[in-house]
Each structure stands twice: as structure tokens, then as C-alpha cells.
Amino acid sequence: EQRAGAFGRGVVLAAAADVVNARHGQLVEASQRLLSAVCLSEEVQQSIHPNATPSDIARCESYFLRVLHQFPKQYSAAIVTDRQGVVRCSSMPTAMGMSVADREIFQKSRTARGFTVGSHIASRFAAHTVVPIGMPVVKEGEFAGVCAIGITLEALADAGAPTDTVAGVGVALVDRNGVAIGGSPAAM
């Protein structure tokens with residue numbers, strides 16, 4: 001009977017982990033699609049051009065703000081940089097001109113030449129800890145900068161929180177370093 005109970009809790013735990021993993025995967029996948037669409041928009045592409053005018057930059061900023069306004073709890077900030085990592089356009093005006101060349105997401109996006117997910121960090125642009133996602137901006141086959149967005153830990157915690165703790169089993173979502181970033185309070 002004790003083994004049967006342990007087996008039942010194991011099945012519940014596996015099911016809860018599958019749900020949390022699926023929700024997290026859906027958030028990252030949706031964020032990747034959003035980032036891809038945003039980065040390919042004319043407003044963002046034009047802002048990275050060396051001859052971009054202040055009007056081009058303002059259109060990009062306005063575009064970022066309109067997009068992020070639709071997801072106020074999921075994303076903290078969006079940026080696009082030049083090839084040196086200097087922010088050319090951002091949803092946060094204070095980010096303009098800052099360098100993110102030292103950030104993991106910039107370096108990973110530049111070398112991977114594709115969609116990347118960074119480790120959670122304190123945002124330089126907003127009062128959030130975020131998981132940055134990014135992708136390179138490529139012009140004429142050459143690396144021209146990085147387009148990135150920060151997924152808030154709140155969004156990840158919401159995606160990772162099971163609706164109920166079943167049979168006394170709690171589930172927590174942890175990053176690759178073992179730091180809990182969401183889940184049921186009992187598991188945290």
C-alpha cells in the first residue's frame with residue numbers, strides 16, 4: 001500500500017511537471033514568434049540603419065511601446081542595437097545609447113546567429129528581473145545588431161504555477177542554475 005501511494009504521487013508529480021513544462025514552453029515559443037515579428041518590422045529594421053533619422057527612431061520606439069502595451073505583465077522592455085551593442089531603439093527611453101555588448105544575450109545572439117534565450121538577469125532598463133530573449137538583425141548577410149525583449153519573471157512564474165497542488169505535491173520551475181523562478185508556494 002505504501003509503494004502504491006508513492007507510485008501515485010510519482011504519477012501526479014510527473015503530470016504536474018509536464019503541465020508546467022508545457023506552459024513554460026508555450027510562453028517561450030510565443031515570445032519567439034513575437035520577437036521574430038517585431039524584429040522584422042519595417043520600423044525596427046529602419047532604426048538600425050546607420051542613416052536612421054530621429055523620426056525613424058521615434059517610429060521604432062512608438063512601435064515597441066504599442067506592441068509591449070498589449071502584454072504589460074509578460075515583457076519588460078524591447079531593444080534593438082547596432083553591431084557594437086549600442087541601443088539604437090528601445091521601449092524605454094533611458095536605454096538609448098547604452099551599450100549591452102557585455103550582456104550574455106547580445107553575445108549569444110551575435111555568435112549563434114539565431115533565436116537565443118539568456119539567463120535571468122536584473123534589467124538595466126526596467127525594474128524587473130527578466131529572462132532576455134534575442135535574435136540577430138542581419139543586413140545583406142552581415143550581423144548588424146541584436147533585437148531583444150525581456151520576459152518578466154512574473155510571466156514565467158505564472159506560466160509555471162500549477163493551478164492546484166494535487167495530493168500534496170508541489171511543483172517549482174527552476175532555471176539551469178537551480179534558482180526557483182516560479183511554482184507553487186509549497187515547492188518554492
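I take a disulfide to be a pair of cysteine sulfur atoms within 2.5 Å. The model I am reading is predicted: local features need pLDDT of at least 70, side-chain atom pairs count only at pLDDT 80 or more, and totals for chains, interfaces and linings use all residues. I number residues from 1 along each chain as its sequence is written, and side-chain values use heavy atoms, with hydrogens and water left out.

**Entry 1: disulfides**

I looked up the disulfides and found 2 in the structure. I started with C60 and C89, whose sulfur atoms are 2.1 Å apart. The torsion about their S-S bond is about -105°, so I note this disulfide as left-handed. The pair links distant parts of the chain, 29 residues apart: C60 belongs to helix α3 (residues 54-69) and C89 to strand β2 (residues 87-90). Helices (H or I, at least four residues) and strands (E, at least two) are DSSP runs, numbered from the N terminus.

I checked the burial of both ends. Buried means under 20% relative accessible area, exposed over 50%, and partly exposed in between, with a 1.4 Å probe and protein chains only. C60 has a relative accessible area of 0%, so I count C60 as buried. C89 is buried too, also at 0%.

Next came C39 and C147, with their sulfur atoms 2.2 Å apart. Their link has -95° about the S-S bond and is left-handed. This pair also joins distant parts of the chain: C39 sits in helix α1 (residues 2-39), C147 in strand β6 (residues 142-152), and 108 residues separate them. Both C39 and C147 are buried. With the bonded cysteines numbered in sequence order, I write the pairing as 1-4, 2-3.

**Entry 2: overall layout**

I counted 5 helices and 8 strands. From the N terminus the order is α-α-α-β-β-α-β-β-β-β-α-β-β. The protein has 188 residues, and 42% of them count as buried. I also looked up contacts, meaning heavy atoms within 4.5 Å. Among contacts with a separation of 6 or more, residues 24 or more positions apart account for 50%. The accessible surface is about 9900 Å², and 55% of it belongs to carbon and sulfur atoms. That area comes from the Shrake-Rupley method with a 1.4 Å probe; for residues, only the protein chains shown count as cover.

**Entry 3: strand β1**

I turned to β1, residues 75-81. The strand is mostly covered, with 7 of its 7 residues buried. Two strands pair if DSSP finds at least two bridges between them. β1 pairs with β6 in the antiparallel sense over 4 bridges. Here I79 stands opposite A148 of β6. β1 also pairs with β2, again antiparallel, over 3 bridges. T81 faces V87 of β2 as its opposite residue. β1 and β2 form a hairpin with 5 residues between them, and G85 in the turn has a positive phi of about 95°.

**Entry 4: nonpolar cores**

A nonpolar core is a set of buried Ala, Val, Leu, Ile, Met, Phe, Trp, Tyr and Cys residues joined through side-chain atoms within 4.5 Å. The largest one holds 27 residues, and V44, F64, V80, C147 and I149 have the most contacts inside it. I see at least two core residues supplied by each of α1, α3, β1, β5 (129-139), β6 and α5 (153-160). Apart from this core lies another of 10 residues, among them I79, V100, F106 and F143.

I followed V44, which is in helix α2 (residues 42-47). V44 is buried at 1% relative accessible area. Leaving out residues up to four places away in sequence, V44 touches V38, C39, C60, Y63, F64, V80 and C147. V44 and V80 are 36 residues apart in sequence, yet 7.2 Å apart in space, C-alpha to C-alpha. With neighbours within four places set aside, the contacts of V80 include S47, I48, C89 and V137.

**Entry 5: aromatic pairs**

Rings of Phe, Tyr and Trp (its six-membered ring) pair if their centres lie within 6.5 Å; planes under 30 degrees apart count as stacked, over 60 as edge-to-face and the rest as tilted. I get 2 aromatic pairs by this rule. F71 and Y75 have ring centres 5.7 Å apart and planes at 85°, so I log the pair as edge-to-face. F71 is partly exposed at 28% relative accessible area, whereas Y75 is buried at 6%. F106 and F143 also pair edge-to-face, 5.9 Å centre to centre with 75° between the planes. F106 lies in helix α4 (residues 104-112) and F143 in strand β6, so their pair ties together parts that are 37 residues apart in sequence. Both F106 and F143 are buried.
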